[in-house]
Amino acid sequence: PAVHVLNGPNLNLLGTREPDVYGRATLDDIKTRLAEICAARGIELLFRQSNHEGDLVDWIQEAGKAGAPVILNAGAFTHTSIALHDAIKGSGATVVEVHLSNVHARESFRRHSFIAPVARGVIAGFGADSYVLALNALFDREERKT
Ligand code: DQA
């Protein structure tokens, strides 16, 4: 199954949004990087962004049903959304939580995640590389299984 990369609110603004915190790469730049890595491995990539919580709930359920691993940057919903927590738990989706910024080195309200307790793992603080690290972690684990 394809790798599903799901991005939450305000991540469509990457590139111009607080570049000192989030870097200058746009979401499209990140997509291009991941697409190249997936293509080299012959793995399909589904890359999506929404500012709406319900879209993310739908997409997590979809990935769970398909047995597709998920790389999830839920943006601010990370810190607020029991619905995303429940979607991951309820659908059985394997989720790697990612953040561009080191959420633990910022405001205290970013230190709590509703995603982390139901995530396979968490990668934060490496900018766009966080996504690449998550992808490689998924591939490495997949290869060790075989
Ligand atoms: C973020 C961190 C969140 O706290 C913030 O609300 C975001 C982006 C990150 O990638 O660093 O929107 O998920």
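Me: Before the sheet, what makes two strands pair here?
Reply: Two strands pair if DSSP finds at least two bridges between them. Helices (H or I, at least four residues) and strands (E, at least two) are DSSP runs, numbered from the N terminus.

Me: And what kind of model is this?
Reply: This is a predicted model, where local features need pLDDT of at least 70, side-chain atom pairs count only at pLDDT 80 or more, and totals for chains, interfaces and linings use all residues. Residues are numbered from 1 along each chain as its sequence is written.

Me: OK, the sheet. In what order do the strands come?
Reply: The order is β2-β1-β3-β4-β5. These 5 strands form an open sheet, and the pairing is parallel.

Me: Which strands stand at the edges?
Reply: β2 (45-49) and β5 (121-124). Each has a single partner strand, so one side of each is left without a neighbour in the sheet. From one strand to the next, the twist averages 15°.

Me: How many bridges join β1 to β2?
Reply: 5, with β1 covering residues 3-7. Valine 3 has leucine 45 of β2 as its bridge partner.

Me: What packs on that part of the sheet?
Reply: Helix α2 (residues 27-41) does, touching β1 and β2. The α2 direction makes about 165° with that of β2. Axes are lines fitted to C-alpha atoms, for helices over the stretch in contact, and angles run from 0 to 180 degrees between N-to-C directions. Contact between two residues means that their C-beta atoms, placed from the backbone, lie within 7 Å.

Me: Where does α3 lie?
Reply: Helix α3 (residues 53-66) lies across β1, β2 and β3 (70-73). Its run is at about 170° to β1.

Me: Back to β3. Which way do its side chains point?
Reply: Val70 and Leu72 point one way, Ile71 and Asn73 the other. All are buried, meaning 20 or more other C-beta atoms within 10 Å of a residue's own; exposed is 12 or fewer, partly exposed is in between, and C-beta atoms are placed from the backbone. In a regular strand the side chains alternate between the two faces of the sheet.

Me: What are the bridges of β3 like?
Reply: 4 bridges join β1 to β3, and valine 5 has isoleucine 71 as its partner there. Another 3 join β3 to β4 (residues 95-99). Leucine 72 stands opposite glutamate 97 in β4.

Me: New topic. Which residues are around the ligand?
Reply: Asn10, Asn73, Gly75, Ala76, Thr78, His99, Leu100, Ser101, Val103 and Arg110. Near means a C-beta atom, placed from the backbone, within 6 Å of the molecule.

Me: How does that shell divide by type?
Reply: It has 3 nonpolar, 6 polar and 1 charged. Ala, Val, Leu, Ile, Met, Phe, Trp, Tyr, Cys and Pro count as nonpolar; Asp, Glu, Lys and Arg as charged; the others, Gly among them, as polar.

Me: Why does glycine 121 count as partly exposed?
Reply: Because 15 other C-beta atoms lie within 10 Å of glycine 121. The residue sits in strand β5. Leaving aside neighbours within four places in sequence, glycine 121 is in contact with Val96 and Ala137.

Me: And leucine 13, where is that?
Reply: In the loop between β1 and α1 (19-22). Leucine 13 is partly exposed, with 13 C-beta neighbours inside 10 Å.

Me: Last one. How many helices and strands in the chain?
Reply: 5 helices and 5 strands. Buried residues make up 34% of the 146 residues.
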